[in-house]
Amino acid sequence: MVKPLTQLDIKGVLWYQGEADSYEDHNSFLCLMPAMIDSWRKHFRQPSMPFGIVQLACPPEQKHPGWSSVRWHQTADIGVVPNDILRNVFMAVALDLCDPKSPYGSIHPRYKIEIGERLLLGALSLAYHIPTPFQGPSPAYSSRVDNKVIVTFRDGPIVLRGNSASAFEVCCGYSNASRSDSSWNDCSQWDAVSVSNPTAMALTVDVSKCEGRSVRFVRYAWKASPCTYLKCLIYGANTSLPTGPFVIPVES
């Protein structure tokens with residue numbers, strides 16, 4: 001379907017797909033996405049062709065672990081684009097555009113204007129080289145102080161909008177556990193935790209549920225449908241762009 005178009009000169013690509021992959025071998029998406037981008041750039045003879053993607057919105061059912069995995073894999077497991085693996089790639093975060101009453105099914109939300117506007121910001125910056133903020137806040141680092149973890153963000157300032165009761169989860173461990181090969185995929189239990197004390201660039205996560213154990217990882221917005229329309233927890237105060245899902249290790 002695409003091959004006849006490869007003789008044309010195009011400015012870039014906008015890609016909106018991934019729902020079906022979440023029902024099958026969703027972990028293969030980690031390899032498929034970069035490979036597809038590299039292939040298209042090769043066939044269109046543009047090694048740095050701008051590539052815009054839409055991160056998955058919401059599935060028909062709430063308990064769908066593959067959905068969150070595909071969202072994460074869409075960023076090459078880094079959380080934001082562009083990055084060292086997905087170069088010259090931009091993304092519209094859409095997890096706050098859930099539309100459970102859509103006549104086309106919830107995987108086809110009617111909020112395409114918002115998606116288009118978010119893609120436009122990335123295209124202006126990466127394809128047309130017009131300096132434009134196009135990313136929501138993302139975590140820079142985290143640190144533990146007693147029973148709290150402070151998460152500091154880049155691309156702020158941040159503002160909190162939605163319900164914070166279940167936006168963050170924590171994976172607890174043991175102080176004598178080796179961290180050299182630690183992976184969040186090894187976490188068998190995640191507990192919902194509350195947040196407090198937001199500042200312009202940081203917020204505090206209550207990890208007292210770990211009850212003296214180590215805090216291995218903190219993750220955000222990992223549910224398949226984490227919030228209602230435009231009511232996820234963290235947004236850019238100046239951009240109104242949402243923070244995408246993330247998982248980060250906690251530094252002691």
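Trainee: Taking buried to mean under 20% relative accessible area, which residues of strand E7 are buried on one side and which on the other?
Mentor: This is a predicted model, and in it Phe168, Val170 and Cys172 are buried on one side of E7, while Glu169 and Cys171 are buried on the other, so that both faces are covered under that 20% cut-off.

Trainee: And how many residues of E7 are buried in total?
Mentor: Five of the five residues in E7, which runs over 168-172, are buried, and the strand is accordingly described as mostly covered.

Trainee: Which strands does E7 pair with, and in what sense?
Mentor: E7 pairs with strand E8, residues 191-193, in the antiparallel sense over three bridges, and it also pairs with E11, again in the antiparallel sense, over five bridges.

Trainee: What stands opposite phenylalanine 168 in each of those strands?
Mentor: In E8 the bridge partner of phenylalanine 168 is valine 193, whereas in E11 phenylalanine 168 stands opposite tyrosine 220.

Trainee: Which residues have a positive phi although they are not glycines?
Mentor: Asparagine 88 is one of them, with a phi of about 55°, and it sits in the loop between H2 and E3, where proline 82 is also found. Glutamate 211 is another, with a phi of about 50°, and its place is the loop between strand E10 (202-206) and strand E11 (215-220).

Trainee: Are those two residues buried or exposed?
Mentor: Asparagine 88 has a relative accessible area of 24% and is therefore partly exposed, while glutamate 211, at 68% relative accessibility, counts as exposed.

Trainee: What about valine 54, where does it lie and what is it in contact with?
Mentor: Valine 54 belongs to strand E2, residues 51-54, and its relative accessible area of 2% makes it buried. Leaving aside neighbours within four places in sequence, valine 54 has contacts with Trp15, Tyr16, Gln74, Ala92, Ala94, Ile115 and Leu119.

Trainee: How many residues separate valine 54 from phenylalanine 246 along the chain?
Mentor: They are 192 residues apart in sequence, and their C-alpha atoms are separated by 16 Å.

Trainee: Zooming out, how many helices and strands does the protein chain have, and what is its radius of gyration?
Mentor: The chain has three helices and 13 strands. Its radius of gyration is 19 Å, close to the 18 Å given by the globule rule for 252 residues, so the chain is as compact as a globular protein of that length. Along the principal axes, the C-alpha trace spans about 60 × 35 × 35 Å.

Trainee: And what can you tell me about contacts and charges?
Mentor: Among the contacts with a separation of 6 or more, 72% come from residues 24 or more positions apart. As for charges, there are 23 positive and 22 negative side chains, with the centres of the two sets 3 Å apart.

Notes:
Residues numbered from 1 in each chain as written. Predicted model: local features only at pLDDT ≥ 70, side-chain atom pairs only at ≥ 80, totals over all residues. Heavy atoms only, no water. Helix = DSSP H or I, 4+ residues; strand = E, 2+ residues; numbered from the N terminus. Buried < 20%, exposed > 50% of the residue type's maximum accessible area, 1.4 Å probe, protein only. Pairing = 2+ DSSP bridges. Rg over C-alpha atoms; globule rule 2.2 N^0.38 Å. Contact = heavy atoms within 4.5 Å. Lys, Arg positive; Asp, Glu negative; His and termini not counted. Charge placed at Lys NZ, Arg CZ, Asp CG, Glu CD.
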